[in-house]
Amino acid sequence: MQSLSEAFRAAFTLVIDLDPDLIEIVSLSFGITGASLLLATLVGLPFGASLALFRFPGRRPLIVIVNALMGLPPVVVGLVVYLALSRSGPLGGLGWLFTPKAMVVAQFVLITPIVAGLSRQVIEDLWEEYEEQLRSLGATAARALPTLLWDGRFRLVTTVLAGFGRAVGEVGAVIVVGGNIAHSTRVMTTAIALETSKGDLALALGLGLVLLALALGVNALAMLFRELGARVEG
Amino acid sequence: MASILPLEFREVGFSAGGQALLRDLSIRFEAGAPSVVMGPNGAGKSLSLRIAHGLLAPTTGSVRWLGLDAPPNDPRVRHRQAMVFEQPVLLRRSAAANVDYALAVARVPRSERADRVAQALSRTGLARVADRRARVLSAGEQQRLSLARAWALEPEVLFLDEPTAALDPGATRAVEESIAAISESGTKIVMTTHDLGQARRLAGEILLLCKGRLVERAAAADFFESPESAEARSFLNGDLLWE
């Protein structure tokens, strides 16, 4: 077991020297999170906006379900995706278990409700402001949808960043479906868990520093977008 | 193309929360000088405009555009009438883009839109702010932009709900000039206002609503010089402000 100061020094060295193992893990994390975020945005944004705009039977229970799913326990998501992708599961034929694809699926399941739920709120607020005017101009809800997505773009970026933050820092689901296999499915969070349990704090701390920097960066970006939005929108 | 006018209210009633807000309202709006709907707060002025425009459906009675024998929300009349609200709601884009959006929704061909946007902004004195973000314009400019957006649609009928209620005298004057110009271009104006001076300046006729009923309708000059009903006299004396 290294002393804490040695561990920090070694961690900084790994980050500054762009250690290949660290870079591989960080790259895989970004790849998986990026893919799941892209899919969650493509599904979650229009779904959330539709929930805000369209009135149909069962809408309110659906909103309650989406809101409840925003707080899904990651390990449970991992378990459900594991069961679905396991050999005897309905999607077992895909052979995705213990691959990055399974991790993308797990993160997608985890963050799509977040993107959908938050974007529903953003679009609903905007619709409340615009509805009478847009209806007066003859815009149907379907015609209003892209208008609201565009006019709410700065606030929607913040919801997408919230999804990113949730996905990149997640460990429970991806370790269950990915297996934390070196050079294959080992991402930042699972590597931190493993290296800490082994007592090798340097890599764990190095990855932790990257995650912290990411958290700060995401928050800074969210603030930047909010300010940019306020300036552009007036 | 046949005119959509006249617009007829037939015994229109509207209730909400168990309270009757409009009762047996029968009015017919013909082409011509502006019709100004007045009355104390809560008389049903804004409500009647929203029903005429098709944003709300009456609880009882009916509203029809008799030129086409169509209800207010009929697609054939949707883009031939427009409305400007007391608080302008502008999209988060430039002044010109706001006008262009309205034309796009009305399915005006892209090739015609730039000219119509420029013309509408020019006629309302907003050409110099065409590229500025709509939401940073002054309150008066925002309301004129709302008028420009409605005017660009070349509506036969334009409903104006207290268009200058939140404006200072200078901005009010500019908005009134735009309203007068729109009226002179042949668009029928139906508007609500609390401002007696504004009604004198713009109205061809006055309709006075009280407690959801039409209590007097007269040519503007007659209404102000010799009101017939007790409510009208009380309203003009400033004694009838709230119901």
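Strand 8 (residues 205-210) of chain B is mostly covered, with five of its six residues buried; a residue is buried if 20 or more other C-beta atoms, placed from the backbone, lie within 10 Å of its own. Strands here are DSSP runs of E with at least two residues, helices are runs of H or I with at least four, and both are numbered from the N terminus. This is a predicted model, in which local features need pLDDT of at least 70 and side-chain atom pairs count only at pLDDT 80 or more, while totals for chains, interfaces and linings use all residues. Residues are numbered from 1 along each chain as its sequence is written, and chains are lettered from A and ligands numbered from 1 in the order in which they are written.

**Partners of strand 8**

- Strand 3 (residues 35-38) of chain B runs parallel to strand 8 of chain B, joined to it by four bridges; strands pair if DSSP finds at least two bridges between them.
- In strand 8 of chain B, Leu207(B) is the residue opposite Val37(B).
- Strand 9 (residues 213-219) of chain B pairs with strand 8 of chain B in the antiparallel sense, over six bridges.
- Here Ala219(B) in strand 9 of chain B stands opposite Glu205(B).
- Two residues lie between the strands in the hairpin of strands 8 and 9 of chain B, where Lys211(B) takes a positive phi near 50 degrees.

**Chain B as a whole**

- Nine helices and nine strands make up the count for chain B.
- The radius of gyration of chain B is 18 Å, close to the 18 Å that the globule rule gives for 243 residues, so chain B is as compact as a globular protein of that length. The radius is taken over C-alpha atoms, and the rule is 2.2 Å times the number of residues to the power 0.38.
- The C-alpha trace of chain B spans about 50 × 40 × 35 Å along its principal axes.
- Of the 243 residues in chain B, 45% are buried.
- Among contacts in chain B between residues at least 6 apart in sequence, 67% join residues at least 24 apart; a contact needs C-beta atoms, placed from the backbone, within 7 Å.

**Two domains**

- Chain B is divided into domain 1 (1-80 + 155-243) and domain 2 (89-153), with bounds from an automatic or database domain assignment.
- The centres of domain 1 and domain 2 of chain B, taken over C-alpha atoms, are 25 Å apart.
- Twelve residues from domain 1 of chain B and twelve residues from domain 2 of chain B take part in the contact.
- On the side of domain 1 of chain B that touches domain 2 of chain B, helix 6 (residues 169-184) of chain B gives the most, with six residues.

Conventions:
A residue is buried if 20 or more other C-beta atoms lie within 10 Å of its own, exposed if 12 or fewer, and partly exposed in between; C-beta atoms are placed from the backbone. Two residues are in contact if their C-beta atoms, placed from the backbone, lie within 7 Å.
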